[in-house]
Amino acid sequence: MNDYDSNRIYDLVKKINYIKTDKIEGADCYILNTCHIREKATDKVYHDIGRIKKNFKNRKKPIVIVAGCVAQAEGEILIDRENYIDAVIGPQSYQKINETILKIEQKFTKLNFTTFDVIEKFDNFNLVKNSNSNISSFVTIQEGCDKFCKFCVVPYTRGAEFSRSLQEIKEECKNLIDNGVKEISLLGQNVNAYNHTGKKLSDLINEISKIKGLERIRYTTSHPVDFTSDLIDAHATCKKLMPLIHLPVQSGSNKILKDMNRNHTIEDYLLIIEKLKKVDPAIEFSSDFIIGYPGETEEDFSKSLDLLKKIKYINTFSFIFSPRPGTPAAKMKKIENNVAKKRLAEFQKTAEEIKLDYRKNLFNNYSSVLFENRIAEKNEFFGRDEYFNSIIVKSNNELRGITKKVKIINGNQNTLFGEISPKMIKKDFAA
Ligand code: SF4
């Protein structure tokens, strides 16, 4: 979501003649768009500002703005502690970015925009197009969260659940597609909680799938509680919907899920997976796990491990529990760090083995790859298959924006390498 927001901020500041620069040491304005999910996010802000300060030691100070969830959560503290910061802007106030920059240019100091003006924000974002010429683009459809998992800061930093209107989203998608986008990833902190005047995520998917030129639709991140049967059915009927579902579970233990306030059980979770596999057996899953949540016993941990082995997630994101200031879990007694570390290492080792097995099975088989970029100064192209795997192929023909069947010949943990046979290119181009 920060990636989406950063691009939108970039689109907005262009209107007041600020352009992106690769010369990181000589910018006139720095906007640090921050994420507060991980521990040490605030330290990173101070560290980055320290680096900027060093670069500008004997020069005119640049404009420094801290945006995002760290700004939202710790705005006043940041301004009080670091004099170099000119303004803080929370995630729901990005529409004020130009006004902020112009005020700082006019020597207004210490601006704090951390209110939740979410409607106003999207009214401004709505005007933007695909100025980065991306083949794949994010579209935020929903923000905020009412779930209040005990470990999470999102309900405090992004506010209550808010869904944009279906019409507005459709228009943004159309704009993007008219400007070259072929794949859209619908984004939301609770994307499947999307609900605008009774229109649900499945309705939205069905609507945008009708847009000519759009080839692929993804959505993230889903909550098991909101995985309703209409969304499951959409996977049976919408051919543009990709068969990888990111479905965070956080723990394999019902006791821990209850302590986290996740509001579902492992049985509920498994039932969703079963139903999805029934409508499309090719669907695969990825997930998030928190290891070493307060109160996690060896037995609880082994249930997470069992779930990992049972579902055989093709990708997992696992972290040791890190207390976020202001959340209920931050007050809970942490388990010993060395125990949590040991469990994480075991979990990640198993996850990697599963991933490796999955990837080996792809070798010598064909994947459908949408190519996004040419690798700089090489006749190589980067694309993604339907399961979001990164794939690189060599080609003398332009492949950007084209979907090809690719034979996977090799690969490592992060990237797969494939080839398109000359015969196939000829045929595909003729078509
Ligand atoms: S559902 Fe997701 S965003 Fe909402 S509180 Fe839980 S972890 Fe955070």
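S390 is found in strand β17, which covers residues 390–394; strands here are DSSP runs of E with at least two residues, helices are runs of H or I with at least four residues, and both are numbered from the N terminus. The structure is a predicted model, in which local features need pLDDT of at least 70 and side-chain atom pairs count only at pLDDT 80 or more, whereas totals for chains, interfaces and linings use all residues. Residues are numbered from 1 along each chain as its sequence is written, and side-chain values use heavy atoms, with hydrogens and water left out.

With a relative accessibility of 13%, S390 counts as buried, a class defined as under 20% relative accessible area, with exposed set at over 50% and partly exposed in between, using a 1.4 Å probe and protein chains only. The side chain of S390 makes a polar contact with the side chain of R384 at 3.2 Å; such a contact is a pair of N or O atoms within 3.5 Å, of which, within protein, one must be able to donate a hydrogen and the other to accept it, and residues adjacent in sequence count only if both atoms are side-chain atoms. When neighbours within four places in sequence are left aside, S390 is in contact with F382, G383, R384, N414, T415 and L416, contact meaning heavy atoms within 4.5 Å.

Strand β17 belongs to a closed barrel of five strands, which runs β15-β16-β17-β19-β18 with mixed pairing, two strands being paired if DSSP finds at least two bridges between them. Neighbouring strands of this sheet are turned by 55° against each other on average, direction ignored. Strand β15 (residues 366–374) and strand β18 (residues 403–411) pair in the antiparallel sense over five bridges, and Y366 stands opposite K407 in β18.

An open sheet of three strands has the order β5-β8-β11, with parallel pairing. Its edge strands, each pairing on one side only, are β5 (136–140) and β11 (216–220), and the twist averages 25° from one strand to the next. Five bridges join β5 to β8 (residues 183–187) in the parallel sense, with S136 opposite E183 in β8. Helix α1 (residues 2–13) lies across β5 and β8, running at about 95° to β5, while helix α8 (residues 201–209) packs on the sheet, touching β8 and β11, with its direction at about 155° to that of β11; axes are lines fitted to C-alpha atoms, for helices over the stretch in contact, and angles run from 0 to 180 degrees between N-to-C directions. Because four of the five residues of β5 are buried, this strand is largely enclosed by the rest of the structure.

D86 lies in the loop between α3 (69–81) and β3 (87–89) and, at 11% relative accessibility, counts as buried. The side chain of D86 makes a polar contact with the side chain of K61 at 2.7 Å and reaches the backbone nitrogen of V64 at 2.8 Å.

The residues around the ligand are C145, K147, F148, C149, F151, C152, V154, P155, N190, H223 and R262, each with a heavy atom within 4 Å of it. By class, this shell has seven nonpolar, two polar and two charged residues, where Ala, Val, Leu, Ile, Met, Phe, Trp, Tyr, Cys and Pro count as nonpolar, Asp, Glu, Lys and Arg as charged, and the others, Gly among them, as polar.
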